[in-house]
Amino acid sequence: MNYQLDFTPVIDGLPSLLFGCLGTFLLAICGMALAIVIGIGGVALRDSPFKPLRWLVIGFVELIRNTPFLVQIFFLYFALPLAGIRLDPTPTAIIALGINGGAYAIEIIRGGVQSISRGQMEAGLALGLHKAQVFRLIILKPALRAIYPSLTSQFVLLTLSTSIASAISAYELTSVSQRIESESFRSFEVYFTVTIFYLVISWLMMRLFALFSARYFTYPIK
């Protein structure tokens, strides 16, 4: 085997790869924000007294969790234009990531909410708080504290799932690496470097989540 390693194309394309990392971070952060909104809203509707709303949320969760993310992003990008809805690759990727992450977030957050004893809810109502205040102040924060490790692990997976957005040419790390590889034919060098980048991105995300947890979800120490 006379293959000679040559990282010159990778070095030349390093600025583009770094911008691709920024694109990955953008997709991940926006997708997570949308997933949290969908997750919290879905939990509220999941426990609604109106059966159609509960069935709607249950059907949404089952549909998203039992279909491939690639199919979901293709559906948004290729099928919605048939209904007159046209989106660019980056917004499509953000929406797809948010929907996918939101379906998992609904079940994770719901598990945390169910771990809160009913006595705490009744105590909040006895103090004169409205149901929305009880949910926000008494239920939601302790629930998020309980499920924070599971939720952040899911969001790290969501960050890595941004690579699938390259299938619709969204600007992120994998799409940039594919362009460099197609121009240089240095597959090993390019994807070895991209692997390192994804490891660093995952580590940075975990560190950010740990700092956020230390700031907002740790109990005060007397």
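**Note on pockets and core**

1. By class, the largest pocket is lined by nine nonpolar, two polar and four charged residues (Ala, Val, Leu, Ile, Met, Phe, Trp, Tyr, Cys and Pro count as nonpolar, Asp, Glu, Lys and Arg as charged, the others, Gly among them, as polar). A pocket is an open set of points on a 1 Å grid over the protein atoms alone, where a 1.4 Å probe fits, with protein on both sides within 12 Å along at least five of seven lines; lining residues have an atom within 4 Å of a point.

2. The model is predicted: local features need pLDDT of at least 70, side-chain atom pairs count only at pLDDT 80 or more, and totals for chains, interfaces and linings use all residues. Residues are numbered from 1 along each chain as its sequence is written, and side-chain values use heavy atoms, leaving out hydrogens and water.

3. The largest pocket has a volume of about 480 Å³, the space filled by probe spheres set on grid points joined across faces, edges and corners. Of its 15 lining residues, Asp47, Met121, Lys131, Phe135 and Ile139 lie nearest the centre.

4. The second largest pocket holds about 310 Å³. Its lining of 13 residues has Ile36, Tyr148, Phe155, Phe212 and Phe217 nearest the centre. By class, eleven are nonpolar, one polar and one charged.

5. The largest nonpolar core has 50 residues, of which Leu17 and Leu173 touch the most other members. Such a core is a set of buried Ala, Val, Leu, Ile, Met, Phe, Trp, Tyr and Cys residues joined through side-chain atoms within 4.5 Å; buried means under 20% relative accessible area (1.4 Å probe, protein chains only).
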